[in-house]
Every structure is written in C-alpha cells, then in structure tokens.
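Let us walk through this model step by step. We start at the ligand and then turn to the strands.

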Amino acid sequence: MFLRRIELQRDNISSYNQYPFSIPSIKNLDQLDLHNKVTFFVGENGSGKSTLLEAIADKCEFNTAGGGRNNFYEVDASESSLGDYIRLSWLPKVTNGFFLRAESFYNFATHIDTLGTGPYGGKSLHHQSHGEAFFSLFSNRFRGRGIYLLDEPEAALSPARQLAFLRILHDLVQEDDSQFIIATHSPILLGYPEAVILSFDNGEITEIEYEETDHFQLTKYFLQNREKFLKDILEEE
Ligand SMILES: Nc1ncnc2c1ncn2[C@@H]1O[C@H](COP(=O)(O)OP(=O)(O)OP(=O)(O)O)[C@@H](O)[C@H]1O
C-alpha cells in the first residue's frame, strides 16, 4: 500500500463554523492511519465521506471531478475545500491512480470522447449503459500499481456486477499491490474480506466491523423480515 496517513492541519484553520470544517467528522479529525490496502468509508448521507475522499483526490493531483492526473477538464463545483488543509503521508509515493465520482461520470465520459482514444471497451462511454460504462472503466483503466479513490462505485452496478467489481479489485490488490479507498453504501462491497471499514457517524471517524454497520444490520433485518418491516414503516402514523 502507499497512502499511510491523512492529517488535518489544524493550525491553518481559522473557523470551524463553515463547510467543510463544520462537518462533525471533519471537525474532530486529527489524523487517520491507513493500514490496509482496502479502506471503506461508511456513514449516513452528509457525514463527510465524499468531502474527505475529494480532498485526498485533490492532494493526489487527480481531477477532483473524476479522473487521474492526466485528465484535465472543468466542471462546476469540482474544487476541493478541504484539500488545502490535509497532509498525506506516503510510503512509497505513487502517482498512478484514479478518482471516480458517480455524479460527474457523464462529464468524464465526454472528456474521454474528446481524447479520441478507445481504451474503454472499444466504444464511447456514452454509448454504453451507465453500469456498462462504469465496468469498462474498472476493467480497462484501472491497472498497475496505483491508488483508486471511488465514491459510491455501486451507484450504477447490479448486484452481480458489484461482485464482479470485487473480483477486479481483488486482482488489483493482490497482483498489482494497488490501494483502494471507497465511500460506499453497498453491503455487498463492504463484505470484501479483511477490508478496514471507517465509520463517519457520531461525529468522528472510527473503525468498525462489517457486522456493526447499518448496511449489514438493516439489510439483514430487511431480508429476513421484509413483510413485517415494510408493514411497520408503511403503516406508521
Ligand atoms: N460545496 C459545499 N458547500 C457547503 N456544504 C457542502 C458542500 N458540499 C457538501 N456540503 C455539505 O457537507 C456535508 C457532507 O457532505 P458529503 O458530500 O461529504 O457527505 P457524504 O457523507 O459523502 O454523503 P452521501 O452519502 O450522501 O454521499 C453535507 O451536509 C453537505 O450538505
């Protein structure tokens, strides 16, 4: 693995009342040690996962709208507010990698079309379904020793493709020594063996077990008690 530590440089922060320092998990961040090739960020919507992932991408000099170091294109709101305030410690340093944002994938696909190269399954990403395009990206662009920062990669993937994605991830981790940091809500992806899961809930970033995640507990309960669960929710006054 490559990225070992993320530190918030508190001396440079003048106020904790504004985004991104007002987010509880960021406000309370001191340093985060990474000790596994696969780290998941989990937490409620708005708990700060994307904010931190984007800041890491910014420090990696990846395009914060999505892409690697050589993907230069502009979209609105792609600047990172936190990137200037964190410090990354590497051993060894790696520059290869990719930042995937589901929400701006369309712009990335357009950018790839303008390059006129066809490394993504032989046809424009725009001519593939959302899930197919994501999968082309994983299969064709993710290679070699690198750091891959993925924001909700499950967004476009069927359960079967999520499992297939885990296979790609596994090969990259095993054979190429790659590192992944993935913000996700998917109980399937979170099940990857031996990954570290960092929760952004309760105002701090803490390591938790798979079985402790809401994703696991809620999904399990739902699948085992679907009718009762839905009755309770839908008939609640
Ligand atoms: N550019 C911004 N300006 C102000 N507030 C922002 C900005 N971007 C995000 N926020 C706020 O910061 C908080 C954290 O957002 P973030 O996108 O990091 O959450 P998240 O954990 O990734 O959520 P989700 O699971 O919904 O993707 C949210 O309350 C959000 O509204």
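Ala, Val, Leu, Ile, Met, Phe, Trp, Tyr, Cys and Pro count as nonpolar, Asp, Glu, Lys and Arg as charged, and the others, Gly among them, as polar. This is a predicted model: local features need pLDDT of at least 70, side-chain atom pairs count only at pLDDT 80 or more, and totals for chains, interfaces and linings use all residues. Residues are numbered from 1 along each chain as its sequence is written.

Take the ligand. Its shell holds residues near it, meaning that the C-beta atom, placed from the backbone, lies within 6 Å. Among them are Tyr19, Ile23, Lys49, Ala183 and Phe200. The shell divides into 4 nonpolar, 7 polar and 1 charged. Its largest share, 3 residues, comes from helix α2 (residues 49-59). Helices (H or I, at least four residues) and strands (E, at least two) are DSSP runs, numbered from the N terminus.

Now the strands. Two of them pair if DSSP finds at least two bridges between them. Strand β1 (residues 3-8) pairs with β4 (residues 86-90) in the antiparallel sense, over 5 bridges. Here Leu8 stands opposite Ile86. β1 also pairs antiparallel with β2 (residues 31-33), over 3 bridges. There Ile6 has Leu32 as its bridge partner.

Leu88 sits in β4. Is Leu88 buried, exposed or partly exposed? Leu88 counts as partly exposed because it has 18 C-beta neighbours inside 10 Å; buried takes 20 or more other C-beta atoms within 10 Å, exposed 12 or fewer, with C-beta atoms placed from the backbone. Beyond its neighbours within four places in sequence, Leu88 is in contact (C-beta atoms, placed from the backbone, within 7 Å) with Leu3, Ile6, Ile56 and Lys59.

Definitions and conventions:
Two residues are in contact if their C-beta atoms, placed from the backbone, lie within 7 Å.
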